[in-house]
Amino acid sequence: MSLSRLLVTVLNRLQPSAETVMLVSAIAVGLISGTGVTLFRKLILFTQEIYWHELAVVLSNHWHWAIIFIPMVGALVVSLVRLKLDKLDQAEARTANRELGLSYSQVPLKTVAAALSLGAGASLGPEGPSVELGSNIGSLLGQMLQFSSERIRLLIGAGGAAGLAAGFNAPIAGVFFALEVLLRDSYRTNKSSPNSDVSVVVIASVISALVSQISLGERPAFSLPVYEVRSYWELPLYLGLGVLASAVALMFTRAIKQAKKFFAGEWAIAPFMQKLSMPIKLLIGGLCVGLIALTFPEVIGIGYETVESILQDTPFTIPLLAILLVVKLLLTAISSASGFVGGIFAPSIFLGAVLGSLYGQAIASFLPASIPIAASPAYALVGMAAVLAGTVRAPLTSVLLLFEMTRDYRIVLPLMAAVGLCAWVLDQIDSSKSADRMIMQWSGLPADIEVLEKIKIAEVMTLNPASVKYSMPLMQAAQFITSGYHHSALVLDEINHLQGILTTQDLKRLLSAPATDRPLEDMTVQNICTSEVICTFADESLAEALKRMATRDLRQMPVVDRHQPKRVIGMVDRLAITTAYNTALTKRAITARITATKSTVPIANNTYTAITNVASNGSSNISSNSANDKSNDKDNNLSNLNNSLSNTLDSTSNNNLNRESDIHSSEAISS
């Protein structure tokens, strides 16, 4: 008997409530995530010991400059692990059904790759892999227990909270990270039991942090000296730091994006990068890390030692801090884009600490000594939270995270002021709709929201969707759904009003469970269908519908009458949205090409080159007209060609997409 079937059998025999099952699952996620993150952190220390102590001693005994080869050796090792990951990814893509886009066979290898990257000196952080590890554990457990997509997503958020809590020893920040980032939209729309959802996340975060504290110690991430805010009249100074932090966060995220484009060969000056293999790109990144290690060893690796020194008010000159800020930003972008595995939490904290210390020393040198201001570590702490908030777009998480890491309440008010202003400034400056992009990428679609906002649900919805009656016997409904290869069927009452939805996942979960007291033959659709259904309206855009579907990872969503919410008028699914999206991109590319062609068509005095009209019967009957009518005829021919191509694309958009739309889609995903 498999482990998943054993767990399902035990739960069905005990017959606990749904809340109890989720609570037990949260405890399991917390325990496993805490243990996994603890092993991950110890593996980082182990690899650092091998690379930068044993290997570094051997190389430095011969040539001091030979330490540049250490990150390159680490890059080769990471490339071997990533090649294995790519093979598993290809094999899983052919065989597995990734309903939630997660790959469980790769979880240990991804964790090992991250530990090897950070141990070799890559300028990244361990918190991103820790969050991913916890999220994958939550998703795996949910699928083993055959939970619904909504419950699996809740466990993914609980696992992410557990990973962050164990990584930073900050359970409160882990909870807010899950609610603010991972579960933001699903928490807003789930009106059934929001308190139970929060409880699941809290339990997983606390258990994981407890496991981490037992294994790694209870001390906060950073030890701070005794200092205090001298005067609350300093608040405008902290607000100025918030503005600077928003600029650094914006440059940081855009530097990572541009570095990825460079290594992908999308820069005009470096198209050859596209032809380089992944191990070669990793070697280039390792070489950059090694060269920086010779002159600025403070910026390589996670960098928490340097942050600790800044917070302890170790003297750093203003020019040195400015250099460290620029070098760390660029090296992190190169490390991430070249193929090393890691997160951006730790680099964001490093940049914030350096920026805050630089800012604090600068204003202290300009202001007269009679004006009392806090020491530079206070500004470093505020800068850490502000840059982190601007990078991950999670201000509440950043405030609580820095508070838990330092455990000093005196700096909270300036911290909140700078973080809030930084988040507001970035929302005003960055018009890329990053939050919506994250939702779109989570949904498996490119994030070109403008295209989706122009298409209405009525244009893509399916009329007369599959439906069953509320009182229909369950086995009869199951035969109906499977005979038509439907993923789901709407549940209607006797007057055809919407009462719920029945999915194949509901049937699979029920059929795989052991026999219960009530035979399946005596059950009806109303016993297992989902009564709380998320709906959309015909006049809404595809962007709004897709964001609503993403809250519960839905494949289909009923379309109802806005004035009669129980009356179903159609169904919209992800396949239709994907088809409409790709078709719109292709039409736009074709129209741009035709417009360019129209502007370059040469016109002679009495003759011109006619454009062939692709008619439905396959014939071409374009003839030359007089000089007075040639301009109108040419415009008509172009319009006919555009319409004909558009009609052809409408019917075959999935098989014959234009190359330009593929390029556009890949750019949207990478952003």
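Asn464 is exposed, with a relative accessible area of 75% (exposed means over 50%, buried under 20%, partly exposed in between, using a 1.4 Å probe and protein chains only). This is a predicted model, in which local features need pLDDT of at least 70, side-chain atom pairs count only at pLDDT 80 or more, and totals for chains, interfaces and linings use all residues. Residues are numbered from 1 along each chain as its sequence is written, and side-chain values use heavy atoms, with hydrogens and water left out. Helices (H or I, at least four residues) and strands (E, at least two) are DSSP runs, numbered from the N terminus.

- Asn464 has a positive phi of about 55° although it is not a glycine. Its place is the loop between helix 20 (457–460) and strand 1 (467–469).
- Arg393 is not a glycine either, and its phi is positive, near 55°. Arg393 sits in the loop between helix 15 and helix 16 (395–406). With a relative accessible area of 27%, Arg393 is partly exposed.
- Asn169 follows helix 6 and has a positive phi near 55°.

**Nonpolar cores**

- A nonpolar core is a set of buried Ala, Val, Leu, Ile, Met, Phe, Trp, Tyr and Cys residues joined through side-chain atoms within 4.5 Å.
- The largest such core has 97 residues. Phe168, Ile349 and Met384 have the most contacts inside it.
- Helix 15 (residues 376–392) gives the most to this core: twelve residues.
- Met384 touches Phe222, Val307, Leu311, Ser348, Ile349, Gly352, Ala353 and Leu402 (contact means heavy atoms within 4.5 Å). That list does not count residues up to four places away in sequence.

**Ile310 and its surroundings**

- Ile310 belongs to helix 12 (residues 304–311). It is buried, at a relative accessible area of 3%.
- Not counting residues up to four places away in sequence, Ile310 touches Phe316, Leu321, Ala353, Val354, Ser357, Pro377 and Ala380.
- The C-alpha atoms of Ile310 and Gly356 are separated by 9.5 Å. The two residues are 46 residues apart along the chain.

- Helix 6 (residues 149–168) has 20 residues. From first C-alpha to last it reaches 29 Å, close to the 28 Å expected at 1.5 Å a residue. The expected span is 1.5 Å times one less than the number of residues.
- Helix 6 is mostly covered, with 18 of its 20 residues buried.
- Helix 11 (residues 278–295) has 18 residues. It reaches 27 Å from its first C-alpha to its last, close to the 26 Å expected.
- The buried residues in helix 11 include Met278, Lys281, Leu282, Gly285, Gly286, Val289, Gly290 and Ala293.
- An α-helix has 3.6 residues a turn, so residues three or four places apart point the same way.

**A buried glutamate**

- Glu234 lies in the loop between helix 9 (194–216) and helix 10 (235–263). At 2% relative accessibility, Glu234 counts as buried.
- The Glu234 side chain makes a polar contact with the side chain of Tyr379, at 2.5 Å. A polar contact is a pair of N or O atoms within 3.5 Å; within protein, one must be able to donate a hydrogen and the other to accept it, and residues adjacent in sequence count only if both atoms are side-chain atoms.

**Strands and pairing**

- Two strands pair if DSSP finds at least two bridges between them.
- Five bridges join strand 2 (residues 488–492) to strand 3, and the two run antiparallel. Ala489 has Leu502 in strand 3 as its bridge partner.
- The hairpin of strand 2 and strand 3 has five residues between the strands. There, Asn496 takes a positive phi near 60°.
- Five of the six residues of strand 3 (residues 498–503) are buried, so strand 3 is largely enclosed by the rest of the structure.
- Three strands form an open sheet in the order 4-5-6, with mixed pairing. Strand 4 (536–537) and strand 6 (568–573) stand at the edges with a single partner strand each, so one side of each is left without a neighbour in the sheet.
- Strand 4 and strand 5 (residues 556–560) run parallel, joined by two bridges. Phe537 stands opposite Val560 in strand 5.

**Cysteines**

- The count of disulfides is zero, where a disulfide is a pair of cysteine sulfur atoms within 2.5 Å.
- Cys422 is buried, at 0% relative accessible area. Cys529 also counts as buried, at 13% relative accessibility.
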